[in-house]
Amino acid sequence: MTTDDRSRCDWGGAWDDPLMLTYHDEEWGVPVHDERHLFELLTLEGAQAGVSWRTVLHRREGYRRAFAGFAIDAVARFTAGQVERLLQDPGIIRNRAKVESTVRNAGAVLALRADGGSLDAFLWDFVGGTPKRNQFEAAAEVPAQTAESKAMSRALKRRGFSFVGPTICYALMQSAGMVNDHLVSCFRHAELDA
């Protein structure tokens, strides 16, 4: 249970998990422009496909260790042998397609750079460079995907990224603060809108 009586979004359940509580209160929805952090969020949101966010969040340190702290240049150079070792690592979700997509996505980020762009500019362009401030009152109102996340998904796939469907892209937009999807009753909604 939480140690205060502030109102929160209801996606964290009873908020009895300190890691989930801290993530909600301090990270989720905070605008992110650091490329390494964006790459981490892209990887973790892709890893979430088919599992709970709680499962992924509890493996985040394992992912950071396994993927060189999400240093994009280093991950892009991972060999097939390194991928095989990662598939034995209990600190991450050992799904071949997800592990290989992280390496592929790092290479796609490098290609973006080579074309004079950045992951930050590329992603934030889908919201015009500023967070979209939603006004949802209930969790049932929060969409799983939007026109923007569908467009982002298509554009990322054209650039060679994988595990970037429109639902994963919308989860990325939420976690990276491209949208403020905290419920209006949640204390974080007003703080992030300020």
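These legends go with a few close-up views of a predicted model.

View 1. Helix α1 spans residues 18–27, and M20, L21, Y23, H24 and D25 are buried in it (under 20% relative accessible area, with a 1.4 Å probe and protein chains only). At the start of α1, D17 puts a side-chain oxygen within 2.9 Å of the backbone nitrogen of L19. Just past α1, G29 has a positive phi of about 90 degrees. Helices here are DSSP runs of H or I, at least four residues, numbered from the N terminus.

**View 2. Helices α2 and α7 cross at roughly 150 degrees.** The axes of α2 (residues 35–47) and α7 (residues 96–114) come within 10 Å; they are lines fitted to C-alpha atoms over the stretch in contact, with angles from 0 to 180 degrees between N-to-C directions. On the α2 side, E35, F39, L42, T43, G46 and A47 make the contact (heavy atoms within 4.5 Å), and α7 brings K98, T102, N105, A106, V109 and R113. That set splits into 5 nonpolar, 4 polar and 3 charged residues, with Gly counted as polar.

**View 3. What about the sulfur of C186?** C9 holds the closest cysteine sulfur, 3.8 Å away and too far for a bond. The whole structure has 0 disulfides (pairs of cysteine sulfur atoms within 2.5 Å). C186 is buried at 2% relative accessible area, and C169 is buried at 0%.

**Notes.** Residues count from 1 along each chain as its sequence is written, and side-chain values use heavy atoms, without hydrogens or water. Local features need pLDDT of at least 70 and side-chain atom pairs 80 or more, while totals for chains, interfaces and linings use all residues.

Note on methods: Buried means under 20% relative accessible area, exposed over 50%, partly exposed in between (1.4 Å probe, protein chains only). Helices (H or I, at least four residues) and strands (E, at least two) are DSSP runs, numbered from the N terminus. A polar contact is a pair of N or O atoms within 3.5 Å; within protein, one must be able to donate a hydrogen and the other to accept it, and residues adjacent in sequence count only if both atoms are side-chain atoms.
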